[in-house]
Amino acid sequence: MLEQFDRGYVRIDLDAVEHNIDAMYERIDRKSSLILVVKTDAYGHGAVPIAQLAEKKSFVWGFAAATFEEAKHLRECGIEKPILILGYTFPYCYEEMIALDIRPAVFREDTLKELSRTAVEIGKKVKVHIKVDTGMSRIGVYPDEEGLSLIREANKLPGIEIEGVFTHFARADEADKQSALRQYEAFCRFVADAERMLGKPIPVRHCANSAAIMESELACTHMDCVRAGITLYGLWPSDEVNHKAIDLKPVLSLRSRLIYVKEGRIGSGVSYGGTYQITKPIKIATVPLGYGDGYPRSLSNCGYVLIRGRKAPIIGRVCMDQFMVDVTDIPGVSCNDEVILIGADGSERISMEELGNLSGRFNYEFACDLGKRLPRVFYRRESAVAYTDQFSSHLHRL
């Protein structure tokens with residue numbers, strides 16, 4: 001049934017997604033809701049099926065994307081709950097964005113004025129979230145008179161509704177939480193000042209990220225909503241967070257099949273540049289994936305895969321579409337054997353964090369960079385239920 005995925009596919013466990021959502025909800029204040037961060041196609045995992053699953057949860061406020069196109073795609077696929085764009089939105093999309101009831105982050109006065117003009121023109125209100133810079137030095141108004149001035153402007157402009165205000169922690173994933181707590185305190189002072197100025201509360205205040213959901217020292221930061229990103233996918237924000245604080249299940253595995261097995265010839269090199277030289281009898285197997293699929297070339301001669309529950313080291317350079325492994329010590333290995341590049345096989349496991357360390361990549365980066373040439377196949381209760389591929393933007397049901 002899934003023979004078309006034999007070259008390689010990303011397996012997404014939707015049961016693990018649901019488990020992680022529930023586990024995070026157990027960590028937060030009952031007055032708080034979850035905003036699920038599904039930008040970059042849910043960190044490479046597949047935003048639409050994950051959002052469709054999560055939308056049914058009453059404690060999920062909505063979703064966060066990075067661009068208008070990401071948010072629009074969710075709407076086109078039937079997602080009805082609020083969608084917040086975390087980054088800057090360009091004026092070309094304002095009319096459609098407002099029509100689709102997508103929330104922009106706002107931190108520039110010219111953005112506010114153009115949003116107001118467009119909203120009035122089409123006869124709709126646009127709900128905005130004011131972005132505050134408390135320590136990232138990225139986007140956002142400073143929590144001082146500059147920020148209050150923007151909120152004052154937003155409050156008086158027609159067609160604008162201030163639905164939310166938020167900031168982002170720069171160092172919540174470090175063992176020392178003082179930096180995050182200072183950011184939180186600055187944010188709280190600013191919000192209090194803004195609400196006094198407005199004479200009313202701002203409905204949705206949010207600052208907590210995945211690390212702040214996990215760490216008990218940051219439970220005070222949960223406010224109205226928390227933004228769950230990397231932990232939604234069963235990955236850790238960093239090595240410094242308490243991995244025992246929450247039971248997360250990895251959502252993604254990467255699988256392929258061997259396409260060729262042969263005896264190596266002593267004196268020959270393996271792959272481009274001959275960086276691996278055959279000096280003894282060896283059995284070589286070829287895996288039909290490579291850096292064209294987002295599998296890092298930097299795993300050349302240092303990474304490994306799992307075959308028949310055993311480790312098979314990568315030998316030679318990873319090519320664009322193929323790489324070779326040493327299967328000398330794996331009895332009975334043959335063409336069409338399954339290859340686990342990320343995930344578990346018997347008692348052995350290759351985690352995203354481990355491959356990130358081996359390849360010099362951050363685990364977030366590793367997940368996001370797995371290419372669209374690799375289909376995403378979605379599983380429920382161990383059965384494949386849907387897939388996406390690079391040749392279609394639609395979800396195919398199985």
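Leu370 touches Val10, Leu252, Leu254, Asp293, Gly294, Ile342 and Arg376, not counting residues up to four places away in sequence, where contact means heavy atoms within 4.5 Å. This is a predicted model, in which local features need pLDDT of at least 70 and side-chain atom pairs count only at pLDDT 80 or more, while totals for chains, interfaces and linings use all residues. Residues are numbered from 1 along each chain as its sequence is written, and side-chain values use heavy atoms, with hydrogens and water left out.

**Leu370**
- Leu370 sits in the loop between helix 11 (363–369) and strand 20 (376–380); helices (H or I, at least four residues) and strands (E, at least two) are DSSP runs, numbered from the N terminus.
- With a relative accessible area of 2%, Leu370 is buried, a term that means under 20%, whereas exposed means over 50% and partly exposed lies in between (1.4 Å probe, protein chains only).

**Nonpolar core**
- The largest nonpolar core has 127 residues, such a core being a set of buried Ala, Val, Leu, Ile, Met, Phe, Trp, Tyr and Cys residues joined through side-chain atoms within 4.5 Å.
- Helix 8 (residues 178–198) gives the most to this core, with eight residues.
- Among the residues with the most contacts inside the core is Phe323, and beyond its neighbours within four places in sequence, Phe323 is in contact with residues including Tyr295, Val305 and Leu341.

**Barrel**
- Eight strands form a closed barrel in the order 2-3-4-5-6-7-8-9, with parallel pairing; two strands pair if DSSP finds at least two bridges between them.
- Strand 4 (residues 83–85) and strand 5 (residues 102–106) pair in the parallel sense over three bridges.
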